[in-house]
Amino acid sequence: MQFQKAVRPLRGEISVPGDKSISHRAVMFGAISEGTTEVTNFLQGADCLSTISCFRSMGIEIENTPERILVHGKGLHGLSAPSAVLDCGNSGTTTRLISGILAGQNFSSTLTGDASIQKRPMGRIINPLTQMSASIRSIPENGCAPLAINGHPLHAISYLSPVASAQVKSCVLLAGLYADGKTSVTEPALSRNHTELMLKFFGADVASEGLTASVLSDPDLHGNLVRVPGDISSAAYFIAAALIVPGSEVLLKNVGINPTRDGMLRVCRAMGADITLLNEQNSGGEPVADLLVRYTPSLSGTVIEGELIPTLIDEIPIIAVLAATANGTTVIRNAEELKVKESNRLDIMVNELTAMGVSLEGTDDGMIIEGGKPFHGAQIDSRLDHRIAMSFAIASLAAETPTEILRAGCVDISYPTFYQDLARLQA
């Protein structure tokens with residue numbers, strides 16, 4: 001798919017798809033609750049549909065319509081043994097979170113996924129689940145999927161996680177629902193807290209203090225109404241586009257601004273971006289707002305590191321694009337987690353931005369970008385990574401010559417209408 005430099009401003013109002021993390025959790029938690037959970041603004045992306053498919057395979061009736069999702073839950077112990085291998089597709093969230101639930105069931109199951117999932121590290125959940133007496137193993141014995149899980153009663157633990165990962169934290173807390181007491185997870189930095197907020201919303205006894213989250217076992221979970229906010233990770237591409245295309249003004253409606261996810265906004269402010277939050281409110285425990293973003297001609301480089309990283313880990317590829325257009329140097333550190341996402345995003349961004357003529361240097365845990373100089377289009381291979389494809393679609397808006405993105409359809413994983421929405425704002 002080919003993209004040209006933007007010849008006109010981006011103008012208009014847009015509602016980005018529902019938050020991917022919250023959509024996954026709404027289905028999972030609804031399935032293990034009593035009664036019906038209604039989910040609006042659910043993300044109809046391939047990853048979240050993988051979660052629906054897995055729970056349907058375990059006997060949960062899920063109605064999927066354009067207006068809403070209805071999950072007819074059967075309670076904490078109501079899942080049935082699947083008759084086939086559970087396919088998580090490209091979804092790391094599905095794979096890791098569902099493992100915590102499956103570890104405490106009274107049946108055995110096998111999880112697999114696509115080629116990307118079968119390369120992603122699962123030892124980070126196998127280790128704490130094993131400490132909880134779970135029977136879980138990597139079938140190829142390389143710490144990756146497929147995973148074989150023989151469910152049985154679990155023991156509560158206090159887990160000190162070596163990584164700040166919402167997927168690891170959520171996996172352990174979900175297993176804790178089936179354990180024999182209070183399970184806690186302490187992280188080196190605070191990762192996104194959607195699991196803690198939503199479990200409490202469904203009736204679990206959840207506590208958060210500093211870097212530690214804990215849950216008591218065997219709660220009474222009840223179906224609820226979940227209004228999924230717009231995904232800030234999806235909004236990030238249009239935030240960047242509006243900031244770098246002259247004359248642009250874009251209003252992004254109902255975007256989640258959870259403090260554990262708003263690092264993109266903090267970085268933009270540090271760069272001098274013109275972003276205004278409007279209509280701030282709370283929806284089901286999640287803060288949301290409309291974002292008014294205006295072209296900012298004099299963005300400045302900044303430093304992105306430390307505790308800020310978990311709040312914007314998925315946005316680093318588009319932040320790198322934004323930094324390429326900003327004046328001065330942007331330094332990204334402590335982002336080694338990007339090496340084990342759907343692809344090695346650190347290396348890919350360095351290689352492909354270099355191919356576009358951007359001056360930057362890769363480091364062991366990030367990159368150093370010298371921005372503010374013209375760059376050109378190139379042929380970009382998405383590596384079937386949705387965030388790579390969308391980031392370079394935005395980079396093309398500032399490139400002097402056309403950009404071609406190979407395997408561009410991978411955006412269906414998180415944002416099926418991305419290219420249509422971008423074209424509409426340009427029109």
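The model is predicted: local features need pLDDT of at least 70, side-chain atom pairs count only at pLDDT 80 or more, and totals for chains, interfaces and linings use all residues. Residues are numbered from 1 along each chain as its sequence is written, and side-chain values use heavy atoms, with hydrogens and water left out.

The protein chain has 12 helices and 23 strands. Both are DSSP runs numbered from the N terminus: helices are H or I of at least four residues, strands are E of at least two.

**Overall build**

- A compact globule of 427 residues would have a radius of gyration near 22 Å; the protein chain has 21 Å, so the two agree. The radius is taken over C-alpha atoms, and the globule rule is 2.2 Å times the number of residues to the power 0.38.
- Along the principal axes, the C-alpha atoms fill a box of roughly 60 × 40 × 40 Å.
- Of the 427 residues, 59% are buried. Buried means under 20% relative accessible area, exposed over 50%, and partly exposed in between (1.4 Å probe, protein chains only).
- Take the contacts between residues at least 6 apart in sequence: 75% of them join residues at least 24 apart. A contact means heavy atoms within 4.5 Å.

**Surface and charge**

- The accessible surface of the protein chain is about 15,200 Å². Carbon and sulfur atoms account for 49% of it. Areas come from the Shrake-Rupley method with a 1.4 Å probe; for residues, only the protein chains shown count as cover.
- There are 32 positive and 44 negative side chains. Lys and Arg count as positive, Asp and Glu as negative; His and the chain ends are not counted.
- The centres of the two charge sets lie 2 Å apart. Each charge is placed at NZ of Lys, CZ of Arg, CG of Asp or CD of Glu.

**A four-stranded sheet**

- An open sheet of 4 strands runs in the order β6-β7-β9-β8, with mixed pairing. Its edge strands are β6 (86-87) and β8 (135-138), each pairing on one side only. Two strands pair if DSSP finds at least two bridges between them.
- β6 and β7 (residues 108-112) are parallel, with 2 bridges. Here Leu-86 stands opposite Leu-111.
- β7 and β9 (residues 147-150) run antiparallel, joined by 4 bridges. Thr-110 faces Ala-148 in this pair.
- β8 and β9 are also antiparallel, over 4 bridges. Ile-136 has Ile-149 of β9 as its bridge partner.

- Helix α2 (residues 46-56) buries Asp-47, Cys-48, Ser-50, Thr-51, Ile-52, Cys-54 and Phe-55. These buried residues pack against α1 (20-31), β4 (61-64), β5 (69-74), β6 and α3 (92-102).
- Helix α8 (residues 263-270) buries Gly-263, Met-264, Leu-265, Val-267 and Cys-268. Their cover includes α7 (232-244), β16 (274-283), β17 (286-294), β18 (303-304) and α9 (316-325).

- Met-1 lies in the segment before β1 (2-3). Met-1 counts as partly exposed because its relative accessibility is 48%.
- Met-1 and Thr-403 are 402 residues apart in sequence, but their C-alpha atoms are 8.4 Å apart in space.
- Beyond its neighbours within four places in sequence, Met-1 is in contact with Thr-403, Glu-404, Ile-405, Ala-408 and Tyr-419.
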